[in-house]
Amino acid sequence: MNTLLLHPDTPGDIERAGALLAAGQVVGIPTETVYGLGANALDGAAVKQIFAAKGRPADNPLIVHIADFSQIFDLVAAVPDAARRLADAYWPGPLTIILPKAACIPDEVSAGLETVGIRLPSHPVARAVIRAAGVPIAAPSANTSGRPSTTTAAHVMEDMNGKIAAVLDGGACQVGVESTVVSLAGEQPRLLRPGGISLEQLEAVLGPVAVDRAISQPIGDDVRVSAPGMKYRHYAPHAPVTAVCGDPAKGAAYIASHLTAQAGVICFDEFAGQFDGHIVRTIGRADDPVAQAHAIFDALRAFDDTDVTAIFAQCPDDSGIGLAVANRLKKAAGFHVIEV
Ligand code: TXA
Ligand code: MG
């Protein structure tokens with residue numbers, strides 16, 4: 001398959017992407033978090049092609065993206081007051097709300113669960129292409145399963161060229177890590193995946209939110225997890241990663257004293273000078289998790305073009321969007337974490 005590269009500024013390209021989606025094809029689309037691999041969420045056969053292109057296990061459900069709040073009413077069984085309040089506060093934006101699903105959601109999307117995740121993205125190109133398609137769009141992150149997520153159209157092409165109909169190039173994603181996934185389908189709100197909206201922001205609207213333990217701990221294959229995606233090895237470059245958490249200066253010193261000759265480093269800007277002779281990717285200052293979120297997936301991907309045999313990565317603390325950055329790094333490390 002020849003994968004078209006489309007540009008939102010080229011007249012007709014958004015409509016073309018919308019028409020491909022409406023016709024049951026898979027298209028890479030920009031969002032404010034990461035690129036998504038979109039297909040018509042109401043068409044099980046179209047959605048199946050997403051799983052094939054990604055090599056994604058069939059038991060991992062997809063998020064359904066909408067362009068206007070009113071679309072949610074057709075997709076879920078009911079919209080509770082808590083969902084309305086979250087939507088008022090954080091939609092459009094990097095937040096996915098899990099609710100009991102409506103009958104129109106194909107099993108391919110919900111992976112056999114009785115729930116569905118809904119997200120109203122803020123990226124204007126994402127919303128324009130959903131409107132052009134005329135249907136809600138199911139979309140996981142647009143990476144090969146297990147690899148770091150994609151935050152530029154070039155990343156999507158790296159993983160998907162020849163496997164999908166088109167990629168719509170909306171530039172680099174602003175947030176850089178995926179949406180926060182919160183479930184309102186149980187007794188108590190539960191954070192299933194940290195992301196662009198922080199736990200603190202959720203609790204400001206909802207009150208106490210339970211935090212799924214899969215966010216900070218490895219989960220065995222035999223354990224049933226709330227977000228099936230959390231159990232898979234994820235975001236991983238080819239070289240093994242060690243995540244170094246705790247005081248940033250001590251972490252940098254730890255890395256400098258443990259580096260093998262062929263090891264690479266992901267570090268906060270102020271420590272870049274401490275690893276002479278090694279391939280170093282900076283992700284922003286230690287006190288700037290927003291910058292770190294923007295840079296983290298590009299940094300993880302970049303090592304796959306090098307011959308590094310190990311990667312040491314500095315990990316932020318859990319406040320704000322730091323919880324999401326730390327979660328992605330710990331997962332990339334297969335929870336091989338050093339606390340300094
Ligand atoms: O920012 C994002 O959320 C991006 C962009 C494209 O919108 N999408 C994304 O999708 O990250 P994906 O499929 O890579 O991650 C979705 C996560 C997975 O961990 C999945 O298991 C979980 O959300 N999930 C989806 N639907 C669910 C459901 N009904 N119940 C529990 N977890 C669900
Ligand atoms: Mg993903």
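Predicted model: local features only at pLDDT ≥ 70, side-chain atom pairs only at ≥ 80, totals over all residues.

Residues are numbered from 1 along each chain as its sequence is written, chains are lettered from A and ligands numbered from 1 in the order in which they are written, and side-chain values use heavy atoms, with hydrogens and water left out.

**Cavities**

- A search of the whole structure turns up 2 cavities of 30 Å³ or more. A cavity here is a set of points, on a 1 Å grid over the protein atoms alone, where a 1.4 Å probe fits but cannot get out. Its volume is the space filled by probe spheres set on the points, which are joined across faces, edges and corners.
- The largest cavity has a volume of about 40 Å³. Its lining residues (those with an atom within 4 Å of a point) include T180, L191, P194 and L323.
- Two helices, α8 (199-206) and α11 (322-332), each give at least two residues to the lining of the largest cavity. Helices are DSSP runs of H or I with at least four residues, strands are runs of E with at least two, and both are numbered from the N terminus.
- By class, the lining of the largest cavity has 8 nonpolar, 4 polar and no charged residues. Ala, Val, Leu, Ile, Met, Phe, Trp, Tyr, Cys and Pro count as nonpolar, Asp, Glu, Lys and Arg as charged, and the others, Gly among them, as polar.
- The second largest cavity holds about 30 Å³ of space and is lined by I215, S216, D318, L323, A326, N327 and K330. That lining divides into 3 nonpolar, 2 polar and 2 charged residues.

**Strand β15**

- Strand β15 (residues 310-314) is largely enclosed by the rest of the structure, because 5 of its 5 residues are buried. Buried means under 20% relative accessible area, exposed means over 50%, and partly exposed lies in between (1.4 Å probe, protein chains only).
- In a regular strand the side chains alternate between the two faces of the sheet. In β15, A310, F312 and Q314 point one way, while I311 and A313 point the other way.
- Strand β12 (residues 241-245) pairs with β15 in the parallel sense over 4 bridges, and T242 has F312 as its bridge partner. Two strands pair if DSSP finds at least two bridges between them.
- Strand β13 (residues 263-267) also runs parallel to β15, joined by 4 bridges; here I266 is partnered by A313.

**Strand β9**

- Strand β9 (residues 180-183) is covered on both faces, with T180 and V182 buried on one side and V181 and S183 buried on the other.
- Strand β5 (residues 95-100) runs parallel to β9, with 4 bridges joining them, and I97 stands opposite V182.
- Strand β10 (residues 190-193) pairs with β9 in the antiparallel sense over 3 bridges, where R193 is the bridge partner of V181. β9 and β10 form a hairpin with 6 residues between them.

**Cysteines**

- How many disulfides does a search of the whole structure find? It finds 0, where a disulfide is a pair of cysteine sulfur atoms within 2.5 Å.
- The cysteine sulfur closest to that of C315 is in C245, at 3.5 Å, which is too far for a bond.
- C245 counts as buried at 5% relative accessibility, and C315 is buried with a relative accessible area of 2%.

Notes. 1 Å grid on protein atoms, 1.4 Å probe; cavity = no way out; pocket = protein on both sides within 12 Å on 5 of 7 lines; lining within 4 Å.
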